[in-house]
Amino acid sequence: MNKQKIRTDMIQLLKSYPKKEKQREEEKIMHTLFKTKMWKNAKTIAVVMAQDFEFDTNKIIEKAWEEGKTVALPRAKAGGIMDVVPYSKDMQLERTSFGILEPARTLTALSKKEIELIIVPGLAFSTDGFRVGFGGGYYDRFLKDYDGVTVSLVLEKQLIALPNPEPFDVPLDFLITADQIFRFNR
Ligand SMILES: Nc1nc2c(c(=O)[nH]1)N(C=O)[C@@H](CNc1ccc(C(=O)N[C@@H](CCC(=O)O)C(=O)O)cc1)CN2
Ligand SMILES: Nc1ncnc2c1ncn2[C@@H]1O[C@H](COP(=O)(O)OP(=O)(O)OP(=O)(O)O)[C@@H](O)[C@H]1O
């Protein structure tokens with residue numbers, strides 16, 4: 001299956017995922033995440049504000065704040081480039097034309113070096129740590145020279161066989177599903 005077909009099929013599938021089942025898996029995955037060293041050690045984490053059908057990150061953000069971590073959200077820019085901006089409780093986010101909530105353009109971004117853990121979004125994932133996202137190439141570009149840890153939170157149905165990775169695809173360090181953690185040693 002080509003990537004475009006994977007994207008449209010997976011968006012469909014996620015939109016029809018039973019809410020209860022999605023929440024049940026998300027709870028288990030978050031429970032696992034919060035027990036990991038990567039989570040405990042990270043003082044600054046990057047995560048997205050999810051669209052309805054994506055992994056609901058609200059509890060992750062709340063938990064990070066509770067634990068005194070800095071939460072950073074991506075801001076997509078022209079040319080498939082993004083940066084990440086610290087996000088605090090009282091901050092007003094802006095909805096992009098793509099429908100995602102992002103920090104305002106006027107705010108100052110963090111340096112990549114300051115982010116210790118990135119929770120990487122995606123539509124489909126493979127058991128060797130590759131992913132397919134919305135096709136903007138934002139994360140591939142961002143992760144190319146990123147030295148911290150990356151993890152994706154994956155619902156059972158999102159774990160599928162993917163076409164061979166392309167040269168620009170950056171694999172993840174970890175995947176967490178409702179019943180296991182995949183660690184990729186590279
Ligand atoms: N919640 C969430 N936020 C996220 C991401 C994500 O996957 N989920 N991203 C993950 O990367 C970045 C934004 N990704 C985007 C990907 C595509 C387009 C976009 O405009 N797509 C066009 C078609 C582009 C094309 O065909 O090349 C469109 O659909 O209209 C926008 C943002 C950062 N924020
Ligand atoms: N490091 C890079 N340098 C230049 N172009 C890149 C790079 N990484 C990705 N691209 C371009 O971005 C496009 C989208 O990449 P890809 O299909 O892997 O996106 P994706 O991982 O699904 O999306 P996202 O990262 O936004 O979730 C590709 O056509 C590719 O040419």
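A backbone N or O atom of Met-49 lies 2.9 Å from a nitrogen atom of ligand 1, a polar contact in the sense of a pair of N or O atoms within 3.5 Å. The structure is a predicted model, in which local features need pLDDT of at least 70, side-chain atom pairs count only at pLDDT 80 or more, and totals for chains, interfaces and linings use all residues. Residues are numbered from 1 along each chain as its sequence is written, chains are lettered from A and ligands numbered from 1 in the order in which they are written, and side-chain values use heavy atoms, with hydrogens and water left out.

**Ligand 1**

- The residues around ligand 1 are Val-48, Met-49, Ala-50, Glu-54, Pro-74, Phe-98, Ile-100, Pro-121, Phe-134, Tyr-138 and Tyr-139; a residue is near a molecule if one of its heavy atoms lies within 4 Å of it.
- The side chain of Glu-54 places an N or O atom 2.7 Å from a nitrogen atom of ligand 1.
- Ligand 1 taken alone exposes 690 Å², of which the protein buries 65%; accessible areas come from the Shrake-Rupley method with a 1.4 Å probe.
- By class, this shell has 10 nonpolar residues, no polar residues and one charged residue. Ala, Val, Leu, Ile, Met, Phe, Trp, Tyr, Cys and Pro count as nonpolar, Asp, Glu, Lys and Arg as charged, and the others, Gly among them, as polar.

**Ligand 2**

- Ligand 2 is surrounded by 16 residues, and the closest are Arg-7, Arg-131, Gly-133, Tyr-139 and Asp-140.
- A polar side-chain atom of Arg-131 lies 2.6 Å from an oxygen atom of ligand 2.
- The backbone also takes part: a polar backbone atom of Gly-137 is 3.0 Å from an oxygen atom of ligand 2, and a backbone N or O atom of Tyr-139 lies 3.0 Å from an oxygen atom of this ligand.
- Ligand 2 taken alone exposes 650 Å², and the protein buries 74% of that.
- Helix H1 (3–15), strand E8 (131–132) and helix H5 (138–143) are the elements that give two or more residues to the shell; helices (H or I, at least four residues) and strands (E, at least two) are DSSP runs, numbered from the N terminus.
- H5 gives the most to this shell, with four residues.
- The shell around ligand 2 has five nonpolar, four polar and seven charged residues.

**Strand E9**

- Ser-152 is found in strand E9 (residues 149–153) and counts as buried because its relative accessibility is 0%; buried means under 20% relative accessible area, exposed over 50%, and partly exposed in between (1.4 Å probe, protein chains only).
- A polar atom of the Ser-152 side chain lies 2.7 Å from the backbone oxygen of Val-120.
- Thr-150 is also found in strand E9 and counts as buried at 5% relative accessibility.
- The C-alpha atoms of Thr-150 and Ala-46 are 9.5 Å apart in space, while the two residues are 104 residues apart in sequence.

- Leu-13 is found in helix H1 and is partly exposed, with a relative accessible area of 30%.
- Leu-13 and Lys-157 are 144 residues apart along the chain, and their C-alpha atoms are separated by 8.3 Å.
- Lys-113 is found in the loop between strand E5 (101–102) and strand E6 (117–119), and counts as exposed because its relative accessibility is 76%.
- The C-alpha atoms of Lys-113 and Pro-18, 95 residues apart along the chain, are separated by 38 Å.

Technical notes: Polar contact = N/O pair within 3.5 Å; in protein donor to acceptor, adjacent residues only side chain to side chain.
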